[in-house]
Amino acid sequence: MKSSIKLHTETFGQGESLCLIHGWGAQNAVWRDWAETYLAPHFEVTLIELPGFGASPKLELQDGSDLNQAWLDSVADVLPSKTHLLGWSLGGLIAQQLAQAYPERINRLICLASTPCFVQAGNWKWAVSPELMSNFIKALGLDSWGLLSRFWKLQLQGSDGARQLIKHYTSQMKTRNLPSFAGLLQGLELLRDIDMRQKLVLIQAPTLWLLGEKDPLVPPEIIKQLPVLQPKAKIEMVQGAAHIPFFSHPEQTAHQINTFLLGEVHG
């Protein structure tokens, strides 16, 4: 199935293909400089902007359409035929599904500050509460700019050097294209509804979970549960990082990524 929209992408660097999918409330610019500095010397990097974020058009859905499938189709349409795939936060949930759906296209998978299930459910405690997610969706309808500002700060809370990082990050984000309301709402609905816990074992690509030690949104205790859900996956922690490891700890984060990916390229 072909998507009805064409997502915005940027490509730079040389080497094997590596695609990056950003998180909620962000866009390609959030990690462009980092990717050019640390990843482009080793890979041909493609940054993909999700529907309704950055320069990508929003998805207009017909009644009864499957939101999740529509997003997956739109990203799949711009993926190279063979690539490594790195997804951050919401982008990680999208990347997990793509790795399962297109095993022949994904070499290696990296889930950065991500989770197979973003919201608590049953005995799944390593996630945000349903109440918090509900409040996010309500707040979006009342004051989307205010919600974005709070979310940008929340992601860095607890990180080493949090105060200066928050000041720097929020000042950058205010100068960039704000996401569309549709993109923000659809993204929150996907964060609320996607549950990959029982499907991780179906992913064939070697997988790295790269987590922030002080992440307020993806509790580090999840490290105990991931080996149960995906026994062959590799799990690493960025010490002192919260929910944006590539921003707070750029060198450490890139080192873990390059070590994992270059091990296959040269190994």
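The charged end of R108 sits over the ring of F260, 4.6 Å from the ring centre; such a placement counts when NZ of Lys or CZ of Arg is within 6 Å of the ring centre and within 35 degrees of the ring normal. R105 likewise lies over the face of Y102, at 5.1 Å from its centre. The model is a predicted one, with local features needing pLDDT of at least 70 and side-chain atom pairs pLDDT 80 or more, while totals for chains, interfaces and linings use all residues. Residues are numbered from 1 along each chain as its sequence is written, and side-chain values use heavy atoms, with hydrogens and water left out.

Next come the rings. The structure holds 12 aromatic pairs, meaning rings of Phe, Tyr and Trp (its six-membered ring) with centres within 6.5 Å, called stacked when the planes are under 30 degrees apart, edge-to-face over 60 and tilted for the rest. One of them joins W31 and W88: it is tilted, at 5.8 Å centre to centre and 50 degrees between the planes. W31 sits in the loop between β2 and α1 (32-38) and W88 in strand β4, so the pair ties together parts 57 residues apart in sequence. Both W31 and W88 are buried (under 20% relative accessible area with a 1.4 Å probe, protein chains only; exposed is over 50% and partly exposed in between). W31, W34, W88 and F246 make up one aromatic cluster.

F136 is buried too, with a relative accessible area of 14%, and F151 is buried at 5%.

Note on methods
Helix = DSSP H or I, 4+ residues; strand = E, 2+ residues; numbered from the N terminus.
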